[in-house]
Amino acid sequence: MIPVKEALILASLLFAIGIYGALTRKNMVGIFMSIELIFNSACLSFVIFTRYLDPAKLSGEIFVLFIISIAAAEIAIGLALLLSIYRTYKDVSGDAISLMKG
Amino acid sequence: MFKFAGLALLCPLLSFLVISFFTRKSDRLSAFVSIAAILGSLASSVMLFALVLSQPGNHELTTVWMKFPVNINIEFGFLLNPLSAVMLLVVTSVSFLVQVYSMGYMKGDPAFRKYYAFLSLFSFSMIGLVLANNFLEMYIFWEMVGLSSYLLIGHWYHKPEAAVAAKKAFVVTRFGDFGFLVAILILSAKTGTFNFLQLEGMLGGGILTSGMITLVALLMFAGAAGKSAQFPLHVWLPDAMEGPTPVSALIHAATMVAAGIYLVARAYFLFSMSETAMLVIAVIGCFTAFFAGSIALAQDDIKKILAYSTVSQLGYMMLALGVGGYTAGFFHLITHASFKALLFLTAGSLIHSLGTNNIWEMGGLFRKMRITAVTFLIGGLALAGVFPTSGYFSKDAILIQVFTSGHYILFAMSLATVGFTAFYMSRAFFVVFLSTEKFGKKHPHESPAVMWVPLVILSIFALGLGAWTNGFNALIFFGGPAHETEHDLFVPIVSSCVAFLSALLAWAIYQKRFAFLTALAPRFSAITTVLRNKYYIDEFYAFCVNRVLYVISNASAWVDRNVVDGAVNGTAYLVGASANVLRKIQTGRVQNYALGIFGGVVTLWLLFSMVK
Amino acid sequence: MMATQFPYITAILATTLIGALVTILLPEKKHLAIKLTAVISSFITLVLSFILFLFFDRTANGFQFIEKTPWLPQIGITYHVGIDGIGLSMILLTGVIFFAGALISSHEFKPGGLLGAVGRPKEFFALLFILVAGVFGVFVSLDLFFLFLFYEMAVLPMYLLIAIWGTGKKEYSAMKLTLYLLLGSTFILVGILAIFFASGLKTFDWVSLNSIALPKNLQLFIFPLFFVGFGILAGLWPFHTWSPDGHASAPSAVSMLHAGVLMKLGAFGIIRVALPLLPYGAQVYCPFFASLTVVNIVYGALVALAQKDLKYVIAYSSVSHMGIVMFGICSLNSLGISGSVFQMFSHGVMTGLFFALVGCIYGRTHTRTLSEMGGLAKLAPFLAVAFSIGGLASLGLPGTSGFVAELLVLLGAFRAYPVLTVIAATGIVITAIYVLRVLQNIFFAGLKDRFVAPGAGHKGDHHHIEISDAVMAERWPLSILLALLVVLGVYPSLLINLINPGVTAILQKLGGPF
Amino acid sequence: MIEKFQFYIFAAMLIMSAAGVVTLKNIFHSALLLGVALLSVAGLYLLTGAEFLAAVQIIVYIGGILTLIIFAVMFTKDLSDKHVRQTNGQKPAAFMISSVIFGVMTYGILRSPLPDRDQAVKIADTASIGRVLFRDYVLAFEVLSVVLLIALAGVIIIAMKEKKK
């Protein structure tokens, strides 16, 4: 079996990378991808925890299933929005749209 | 006995209400209601007086006005004794005569009903003041007479002078009342009662330190000085002459201005415990007498002459009270009420007939208005203190009292005042009645009977009250009845000589117009200017009010707008300004916000781990 | 007694809220129906409060007409209402002012009237109703949560009422007023929460909280919060500047309610919450706050003297008079507190009268600048008499309720702070000066040429303004207020006997009556 | 031992590809690398014994989501060329923050009382997942289906509205 702590550290590293990407990527698609990384890090942790803590109940795995489905919905809507933004602005960079600038 | 007191009090109140609410349509009816009411009061006060004569001493009736769970006694009641009975008689009789007189004087005035309503209100308040059995009740009515005085002075409110004079009268007396109020507060805090008799007992028991008594007495005297127009709060009284003349006679000569004297007399148990307070009263009274008498010398307006004369006479009364002449001072109050009301009413008769107040526009009226002239003469003689008028008895009693008290400076000043009095009264008499006719095309005529009958009645009192001296002395006294001192003739003779010489001087100047005297006039022009301008006291007060009070007030308004409110607006501005800076954080870029969120989370983490 | 079982207090609250609802549901155009609803429901509340006054047991201690229903028991919130004499007198005051205000503003909604120019009577009255419901609510609440809720309910409609129907720089005033009062509420909220948590009772119920003694440190900490928080609404110096601007901008009825009743909420809050719950704090801080309130009295009067706008004079006089109320409270003895409750009533009536009159005068002359008026007594004698009596009450003339109130406060305060009381009394002298100045400027002295009697102006003449005397719709409310001023001045025991038991109860918390 | 080795291989793949996803200039390359990363995760799932999840991961993530993303990249192709800056100016701050996050989490994981060894694991087969899903979590499952439906409709509406313009 895989070592638990290393696996968790791996998940947190993935999480940190995702955060970094979400904060720095200019292209919205890039941001989406970073968010997917974050999701995956969470999923990974869930799976590891459920293996370690409560293998019988499988709650973590169920949770991961839900996360994946929601992620699918999220990405679908997100990309639809992105497309419509692109149509309006001809741009999908995160700092191009700043209507709420104070 | 209390029935009569209640009746005397309620009649005018009822009349006030009836006139205000019901008889608004009819002048005659209003006057009738008012006069009937005051007649009722007069009748009951006569009955009351008779009863008090038969059983002298203090009779008290009291009810609780407000009840508190602490030891304080806020009550309402009557205290009947010779002092209040006599005062009540004076008030109701003068009120009655003035109300009758006003029927003629105020005839055709558009605000006739209002006038009578306010006269009734005044009578009510004044009677309440006289009958009060405690300081608080007295203060209440005290303020209400002030109000009626305000309303009546401002009767012709559309005249700016009248409006200003009314306001001035109210505010100046209110300054004095402030002292009165503080005195009441001190008494209530220290003793828990306002009741005269209880306080008398408590003070006798030494509940207050002597310093405290002096303080209370002086504060209370401030109230009395305001009401009785004592220096330096005398300035309102001459201006109050803007009111109708009968009002001046009633309120500003006979009754309300005497309320100050009455207060001192009522609270004599308090005043007599403090030598300092007594001395202050005597000095201020004497100074006021002298000072106002001198101003009266140079006035041209007949009502102003009489007004300053009133101030001066009130000063006499205060002086008498201050040197221990309780009986003498109060007796002078009564005689003064009769002859000063008389003088004012005759002046009213003159004004009514000629339409002017200026004595130099009158002249030679003796033949045209005989009754007025004779009654004026009687009043003038009484005021000057000529034997055998009532003024002689009361004034000499005061002078003797001052002389025997040993305050020779005060005596000298009051003697000088006697001279002043004789001089200005003779001057007025000679100029108005005996000099050459100056009224030109106007046709002076004797006033109607409704006006001259009260004059005659009053002049009878002015002449005859002196006969009652001994009876009065036996009735009204403080401590014990004034002993029958063997008549020291020195004081009466000196004062009569002074009066006679002054009158002679006035005759020489104003009637005979001796050349060597008129030539002297320019030499005294500086003095006359000062006197004409009433020693510039009004100017000084105007300066105080305009320059000091209004400057303070404008400064506070400025502070309020710019400092206090400025702080508020400044805070608002600061919030706005910092928002202007802080809004730059609001970049509108989602990733910036995300950075903020995660940065925040991280910072919190670090902070918490550090705290741990 | 049967009569006491009827939930009168809830009925009063319900009447105002139902009134608001009905007004909202009525069609926009039906002005008459809206006005009628307003007048009728305000009359019902007046009658109900009068019934309370009649049925109130003057001999009993404690609260009466209590209604208690759990509302959110999990965090100790109860709908708990009841009144003592203090609350009852305030309810009476609110009923009277509300009725008078409804009459006056119905009148002002006539075409050409002050409010008629803005229109929208429906929204106006609905907001007014909500405001009044809040006011009533504060006076009857025995639960701190509800007290605060109602308090906010009374404060917030003010913003719209001033910003929409006001005059002058109304937006500024409305904003300032609202923000300032909310600042005060924040203090109060913090205080209430502190009490809630510190008491350990897990309840907002005033009666339960009143039965325990809160820790002294806590009292020291939150008493100033309460005093300043409530004091802001009561116009405590130096937090008073919202009030002149607010009053000057607000329409008559709103000014009447605001100065007449709403400012009393502040003082009432101090009496109801701060004193009994935090007696130790009161004893420590009151000498300090007393000196602030003396500043209120004297400074308010001085500033009033310098004002040129009639409404500002009245507004600053309110600041001065509310100073008397709070000064009485700070004296912490039975005379002083009774006096301040009495002054709350008296000032409410008086200032309601004044603002109604200012509305009447402004509606006629179209100016509020003192120097532009003069001699109006000739054309409008009723208004002149009413203003004079109000003025006399304001300067504390015997025979009016103002005298009794000021006297009691001074008597009480003198026992606690002699020197401060003497200073405060000078404020009363200054009051005389400015009241008479105003009277003289508006009503006496020469009549200005611009003003003519009705019918005397020419057609199309814009230089002359026709001034008529008060009409019936104005006379009634004014007369009611005037009558109250005089009746209470002559027979103060009517209220004093109501107030005293309540005050005694507070003083017992403070360590017995003295 | 072999499992550990496999784990490190997958871990290295995952980290390197993830780093590529967030740093590469070419967004298309990033998208491809994302596929690698997702595959590595699927591998890790296999290693942990969650075969079903690994399958779902591959089907949904790589088959669905990644495809969508690549579509999006291609739609907005003109923005993904090399001349356009692909990062904003938050690099240093973001780097610090993410390293702190990583540091703190790692610190926490290392300090936690988790034993280094896994417990005995019962292989979670698809059948048992199905049982749990449709018995214990059936309500959530249904809700999820509604969510997906709504998302579907939402996507269509968003796209359609734009077309009208």
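## Close-up views of a predicted four-chain model

**View 1. Chain A, a helical chain in a predicted model.** Chain A has 3 helices and 0 strands, and everything that follows comes from a predicted model. Read from the N terminus, the elements of chain A simply go α-α-α. The C-alpha atoms of chain A take up a box of roughly 50 × 25 × 25 Å along the principal axes. How does the radius of gyration of chain A sit against that of a compact globule of 102 residues? Chain A comes out at 17 Å, whereas the compact globule would be near 13 Å. Even so, 60% of the 102 residues of chain A count as buried. If you look at contacts within chain A between residues at least 6 apart in sequence, 46% of them link residues at least 24 apart.

**View 2. Where chain A meets chain D.** There are 4 pairs of chains in contact, and the pair sharing the most contacts is A and D. Chain A puts 61 residues into this contact, and chain D puts in 77 residues. On the chain A side, the elements giving two or more residues are α1 (4-24), α2 (28-53) and α3 (59-89). Which of these helices gives the largest share of the side of chain A that touches chain D? That would be α3(A), with 21 residues. Sorted by class, the chain A side has 42 nonpolar, 10 polar and 9 charged residues.

**View 3. Pairs of chains that stay out of contact.** Chain A and chain C have no contact joining them, and their closest C-alpha atoms are 22 Å apart. Chains C and D are likewise not joined by any contact, with 30 Å between their closest C-alpha atoms.

**View 4. Chain C on its own.** Chain C is built from 19 helices and 4 strands. Its radius of gyration is 22 Å, close to the 24 Å from the globule rule for 514 residues, so chain C is as compact as a globular protein of that length. Along the principal axes, the C-alpha trace of chain C covers about 75 × 55 × 45 Å. Buried residues make up 63% of the 514 in chain C. Of the contacts in chain C with a separation of 6 or more, 79% come from residues 24 or more positions apart.

**View 5. Helices α9 and α11 packed inside chain C.** Here helix α9 (residues 216-234) and helix α11 (residues 252-277) of chain C cross at roughly 160°, and their axes come within 6 Å. Angles over 145 degrees count as roughly antiparallel, and α9(C) and α11(C) are therefore roughly antiparallel to each other. Is their crossing left-handed or right-handed? For α9(C) and α11(C), the crossing is left-handed. From α9(C), the contact residues include Phe223(C), Phe226(C), Phe227(C) and Phe230(C), while those from α11(C) include Gly266(C), Ala267(C), Gly269(C) and Ile270(C). Class by class, the contact of α9(C) with α11(C) has 14 nonpolar and 3 polar residues, with no charged ones.

**View 6. The chain C side of the contact with chain B.** This contact draws 42 residues from chain C and 35 residues from chain B. On the chain C side, the elements giving two or more residues are α12 (279-306), α14 (334-365), α16 (401-416), α17 and α19 (493-509). The largest share of that side, 9 residues, belongs to α17(C). As for classes, the side of chain C that touches chain B splits into 27 nonpolar, 13 polar and 2 charged residues.

**View 7. Helix α6 of chain B against helix α17 of chain C.** Helix α6 (residues 160-191) of chain B packs with helix α17 (residues 418-442) of chain C at an angle of about 165°, the axes lying 10 Å apart. That makes α6(B) and α17(C) roughly antiparallel to each other. The crossing of α6(B) and α17(C) is right-handed. Among the contact residues of α6(B) are Phe170(B), Phe175(B) and Phe178(B), and among those of α17(C) are Val422(C), Val429(C) and Ile433(C). The contact of α6(B) with α17(C) counts 14 nonpolar, 3 polar and 2 charged residues.

**View 8. Ile585 in a loop of chain B.** Ile585(B) sits in the loop between α24 (537-582) and α25 (590-611) of chain B. Is Ile585(B) buried or exposed? A residue is exposed if 12 or fewer other C-beta atoms lie within 10 Å of its own; Ile585(B) has 10, so Ile585(B) is exposed. Gly596(B) is 11 residues from Ile585(B) in sequence, with 9.7 Å between the two C-alpha atoms.

Definitions and conventions:
Residues numbered from 1 in each chain as written. Chains lettered and ligands numbered in written order. Predicted model: local features only at pLDDT ≥ 70, side-chain atom pairs only at ≥ 80, totals over all residues. Contact = placed C-beta atoms within 7 Å. Nonpolar A, V, L, I, M, F, W, Y, C, P; charged D, E, K, R; others polar. Rg over C-alpha atoms; globule rule 2.2 N^0.38 Å. Buried ≥ 20, exposed ≤ 12 C-beta atoms within 10 Å, placed from the backbone. Axes fitted to C-alpha atoms, helices over the stretch in contact; angles between N-to-C directions. Parallel < 35°, antiparallel > 145°, perpendicular 65-115°, else oblique. Left-handed = near helix turned anticlockwise from the far one by under 90°.
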